[in-house]
Every structure is written in structure tokens, then in C-alpha cells.
Amino acid sequence: MRGAFRVWQRNVTIFRKFWISGLFPNFIEPLIYLAALGLGLGAFIQQGGISGQSYVQYIGPGLLASNAMFAASFESTFNTFVKLRFDKIYDGIITTPVNAEDVIAGEYLWAGTRAALYGTGFLGMLIALGTAFGQPLVTSWWALLIPPMLLAIGIMFSVLGTLFTSLIEHIDLFAYYFTLVVTPLFLFSGIFFPVENFPAPVPQVAWFTPLYHAVNVCRELATGPSVGVLVDVAWIFVFTAALALIPVQIMRRRLIG
Amino acid sequence: MNTERTTGPLTRDSTLVARGLKKSYSGFEAVKGVDFRVSGGECFGFLGPNGAGKTTTMKMIYGAVIPTGGELAVTGLDVYHHEREIKRRIGVVPQENNLDDELKVEENLLIYGRYYDLPSKLVLRRAEELLDFMQLSEKAEATVEQLSGGMKRRLLIARALINDPEIVVLDEPTTGLDPQARHLVWDRLRALTAEGKTLVLTTHYMEEAARLCDRLVIMEGGRIIAGGTPKELIEEHVSPQVLEFRAGHDAIEALLPAVESAAEAVERTGDEVLLAYTQDADALLDEVRKSGVDVKNTVYRQAGLEDVFLRLTGRSLIE
């Protein structure tokens with residue numbers, strides 16, 4: 001596993017040079033959603049909001065989860081594909097004692113780290129904005145557990161993204177991933193409206209999707225969790241563990257003839 | 001007396017041994033059972049055209065491809081069970097340029113050193129020495145993008161040396177480089193052999209093989225078709241002197257009888273080129289003059305590895 005750490009370290013070294021440009025998709029963008037939908041749409045939502053919260057308070061923590069999803073998804077799709085196919089970085093690494101399994105584990109960890117880093121920054125922003133506008137978006141000390149959970153959520157989406165990346169030959173195929181997987185998840189995981197109000201089977205199907213549980217975890221930790229949050233946390237770990245080794249095997253075969 | 005070799009920190013085994021090494025890809029046999037033995041401290045070459053199986057063989061040596069059959073031992077360890085340990089002891093200069101473009105020259109070496117778990121101080125010191133050795137010291141802080149093709153290749157070689165390997169594997173080290181860059185790389189590789197490192201390289205350039213390699217094998221269609229020192233290969237397979245006649249198609253046809261009777265071997269490498277191999281070029285030239293055929297251009301040269309390849313396969317090395 002030392003090897004995985006080295007691969008992670010490489011990403012950190014490069015990240016240090018470019019972290020500012022990463023702020024835009026991973027930080028500024030969710031802020032824009034918060035402002036536009038939270039305040040704009042929120043103005044149309046009746047008093048009492050959604051289960052006692054204003055709309056902004058409702059969507060804020062949810063955006064934490066989706067932010068982690070986007071960060072990890074871009075890292076494990078486009079960035080990984082470019083490293084694999086164009087820059088041939090992984091081919092170079094596996095001529096050293098760091099092998100293919102280490103590479104993928106290191107990349108999972110890195111995508112999770114990215115998600116957690118920017119996510120924590122966004123969390124800080126949510127707290128600041130909430131306090132400034134008198135509508136606290138984070139009301140519980142349990143929120144301190146959000147950064148490590150963002151790491152886990154980031155790893156989960158990295159596993160999913162890497163799985164897709166390991167199977168495709170052309171970079172344009174990612175359009176399918178983002179349109180058919182990421183975007184529906186973004187819209188139907190309870191960030192902008194509760195999915196419980198939809199007719200069956202929508203809420204049931206949503207229960208089997210990753211972002212739904214990530215959103216629940218972030219929302220519960222931000223406002224004071226019920227015991228039910230343990231189910232969501234467990235779901236995330238089980239889902240990640242179940243899938244994690246598959247891309248490793250596929251990538252190994254791709255890198256080693 | 002038991003002379004069993006033990007590998008460990010005290011004895012650096014820098015040899016390679018292959019027996020019946022094979023690689024097939026769903027029906028296509030890239031390497032059809034090759035045997036070779038590389039001794040410590042020598043520069044060993046695989047010469048052959050594109051598609052001969054040289055790169056696949058190199059990849060089996062450094063673990064990027066798993067053989068489908070046969071034996072292969074690198075530094076005394078077999079590739080099927082000890083790939084990680086082998087990788088610790090070798091350095092690889094790949095055919096493609098897979099440098100970290102976002103990083104500076106020196107950073108590329110530092111990052112690579114980490115993969116070997118080398119202490120940072122050691123890596124820093126080695127990086128400086130290697131940049132100096134490969135004549136890239138001035139460019140230590142430059143980004144990879146700013147380097148020329150030849151510099152990038154030298155950086156790849158420096159990178160392959162960061163773990164002070166016993167064996168360095170180079171896949172087509174000077175392909176795509178201009179002559180000046182190529183000569184500099186050859187000079188540095190010779191310096192490496194002088195230090196006692198074992199070099200294993202592939203090439204389709206006869207001159208490279210002749211200049212650098214102590215011994216080489218010629219590969220074609222997944223098989224080794226000849227082996228030895230450059231001198232041995234030439235002496236064994238072709239006459240020492242070559243006359244190249246260039247003339248119009250009809251003139252060449254008219255020339256054939258005279259040349260064929262006087263030369264030891266003849267090769268046609270095109271409509272207007274005739275190669276004649278002989279021990280006595282002067283005598284052959286006399287015959288040609290006697291024939292009265294008007295030859296536009298005659299070149300006299302020593303036989304080289306290109307001629308050996310031509311003799312053995314009827315094709316030239318560079319298509």
C-alpha cells in the first residue's frame with residue numbers, strides 16, 4: 001500500500017500547482033447553485049419551507065454531497081483517462097515497484113481527497129454564509145464528521161467513475177456517464193426536492209443509488225443526525241467495498257498485456 | 001565446489017536469461033520462443049524491424065507484459081514470481097515519452113524516486129548527479145514542455161537511473177531524434193556501460209546496434225534468427241566488402257550476369273539498386289568495367305548489420 005501513497009503523493013505535488021483552477025468547478029459552482037436556486041427558487045417556496053427549513057437551508061448540505069460527487073467523478077473519468085491513454089503515466093509508474101493495484105488505490109484515495117478538500121472549503125463557506133444571513137445552514141457539531149464522510153463519498157464516486165473509465169476506449173463516451181448517471185443522480189437524490197413525494201418506484205429506486213445516501217448523511221450531520229444515518233453510512237461503505245476491486249482488475253489487464 | 005549464485009545486497013546479479021520465451025495475444029504470436037543470455041556489464045541489443053517482437057520482449061523483461069510460456073530470469077529472479085523485486089533493480093526507458101508534463105525537469109526525477117521509496121535527500125543528490133550526467137543541469141527548473149525531443153529522451157534516461165539500477169532496458173532509445181541528439185545519447189549510453197551497468201536495448205538502426213552493442217541478436221517475426229557480436233555477425237553472414245551499383249533498370253539487368261559471376265552474393269534492393277558482396281572489390285569492379293554497362297553511381301563500403309539482415313531475411317531493416 002506504500003505504492004498507493006506514492007501515487008497519491010504525485011497527485012498532491014501536481015495539485016499544488018493548479019489548485020486554484022480547481023476552485024471554480026468545485027467551489028464557485030455550487031455557490032452559484034446555492035444562490036440561484038436557494039434564494040431564487042426559494043423565494044417561491046411557501047413559508048415553512050421543507051420540513052421547517054428555508055429552501056436555502058434545505059439544499060445547502062445536499063450540495064455538499066453533490067459537490068463531492070462531481071469532484072470525484074471528474075477526477076476518476078477525464079483525468080484518469082488522460083493519464084491512462086494519452087500521457088501514459090500509469091505505464092511509466094508500473095515499471096517501478098508500484099504496481100497496477102497500487103495505482104488504482106492511490107487514485108481512489110486522491111479523488112476522495114480532492115472531494116474532501118474542496119468540500120470542506122465549501123462547508124466552511126456554508127457556515128459563514130448561514131451565519132451572515134441569519135439562516136444557519138449548519139446547526140450541529142456533528143458537522144465535524146462531514147469532511148471524513150466527504151472523503152468516503154469521494155472514494156465511492158471515484159470507484160464508480162474508475163469502473164466506467166476502465167471499460168471505455170474513447171474519451172467521448174464520458175458524455176454518456178455524465179448525462180445518464182451523474183446528472184440524474186444530481187437531480188433525483190433529494191438535493192433540490194424530497195424524492196419521497198414521488199410515486200413508487202422512484203423513492204425505492206433512489207434508495208439504491210449512491211448520491212441519495214451521501215445527501216442524507218451530509219444533511220443529517222449538518223443538522224443533527226438521527227440513528228437512521230448509520231444506514232446511509234453503511235450503505236456507502238458496502239457499495240464502495242463491493243465495487244472497489246472490479247476496476248482494479250480491469251485496469252490491471254489493460255496496463256499489463 | 002558449489003558455485004551456486006546467491007542474490008542479495010552483496011552480490012549484484014545483473015544478468016538476464018531467457019529460454020523458450022513466448023508471448024501470444026489471442027491467436028497472434030508476437031514472440032515465438034526465444035532464447036538469449038545477457039551477461040553483467042555488457043550492452044546487449046535486439047535488432048530488427050518494427051513488428052519483430054522486440055518491444056514485447058522488452059515488456060516481458062520489465063513486467064509490462066506477462067509471458068505466455070518459457071522462462072525468463074532478470075537479475076537471477078524469475079519474472080513470474082518476483083516482478084516487484086525485479087523492478088527495484090532495473091530501470092526502464094520506454095519508447096513513448098511518459099514524463100510528467102505538469103512538473104519541472106528535476107521534479108520528474110524526485111517523483112520517480114518516491115516510487116522506489118528512496119529517502120528524499122538521496123533522491124535529490126542523485127537527481128543532481130543524473131541531470132549533470134545527462135547534460136541537463138541547466139534545465140533543472142525548466143518545464144518538460146520547454147524541452148526539445150532530444151532533451152526529453154535524456155530526461156527519460158536520467159529518470160530510469162534514479163534507483164541506480166543494475167540493468168537498464170531501453171526500447172528504441174533514439175527513434176525520432178535528430179543526428180546530433182542521437183550522438184549525444186549514444187555517448188551517454190557508452191558512459192553507462194563504462195560504469196559497469198548492463199544495458200539491454202532494442203533498435204531498428206543498424207548504426208546504433210553496431211556502435212553500442214557488445215553483442216546482439218537479430219529478431220524477425222517473433223524469432224531470433226542470428227546472434228553474436230557485430231563483427232561475428234558480419235563475418236558469419238556476409239562478405240566484408242559491398243559495392244552498391246545505381247543505374248537505370250535496363251542497365252542493372254545488363255549488369256547482372258557480370259556481377260553474379262564475380263561476386264559472392266548479390267541482392268536487389270530496388271529496381272535501380274544492386275548490391276554485390278565480395279572479398280575483392282577491385283576484381284569485381286574490373287568485371288563491371290569490362291562489361292561496358294554504364295553505371296550512374298557506384299558506392300563502395302564495408303558490410304554492416306543491415307547487410308546481415310538483408311542476407312538473412314531478404315528485407316531491409318527500415319521499411
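A residue counts as buried here if 20 or more other C-beta atoms lie within 10 Å of its own, with the C-beta atoms placed from the backbone. By that criterion, 44% of the 319 residues of chain B are buried in this predicted model.

**Chain B overall**
- Chain B has 11 helices and 14 strands, and its C-alpha trace spans about 75 × 50 × 45 Å along the principal axes.
- Among the contacts in chain B that link residues at least 6 apart in sequence, 69% join residues at least 24 apart.

**Helix 9 of chain A**
- Helix 9 of chain A, residues 229-255, has 27 residues and reaches 39 Å from its first C-alpha to its last, which is close to the 39 Å expected at 1.5 Å a residue.
- A kink of about 25° lies in this helix at Leu243(A), shortly before the proline Pro247(A), and Pro247(A) is itself among the buried residues of the helix.
- The buried residues of helix 9 also include Val229(A), Asp232(A), Trp235(A), Thr240(A) and Met251(A), and what covers the buried residues includes helix 4 (100-133), helix 5 (146-167) and helix 8 (210-223) of chain A.

**The largest nonpolar core**
- In soluble globular proteins, nonpolar side chains tend to be buried together.
- The largest nonpolar core has 160 residues, of which Ala68(A), Met69(A), Ala115(A), Ile153(A), Ala214(A) and Val169(B) touch the most other members.
- Leaving aside its neighbours within four places in sequence, Ala68(A) is in contact with Ala115(A), Gly119(A), Leu150(A), Ile153(A), Gly154(A), Phe157(A) and Ala214(A).

Note on methods:
Residues are numbered from 1 along each chain as its sequence is written. Chains are lettered from A and ligands numbered from 1 in the order in which they are written. This is a predicted model: local features need pLDDT of at least 70, side-chain atom pairs count only at pLDDT 80 or more; totals for chains, interfaces and linings use all residues. Helices (H or I, at least four residues) and strands (E, at least two) are DSSP runs, numbered from the N terminus. The expected span of a helix is 1.5 Å times one less than its number of residues. The bend at a residue is the angle between axes fitted to the seven residues ending there and the seven starting there. A residue is buried if 20 or more other C-beta atoms lie within 10 Å of its own, exposed if 12 or fewer, and partly exposed in between; C-beta atoms are placed from the backbone. Two residues are in contact if their C-beta atoms, placed from the backbone, lie within 7 Å. A nonpolar core is a set of buried Ala, Val, Leu, Ile, Met, Phe, Trp, Tyr and Cys residues joined through C-beta atoms within 7 Å.
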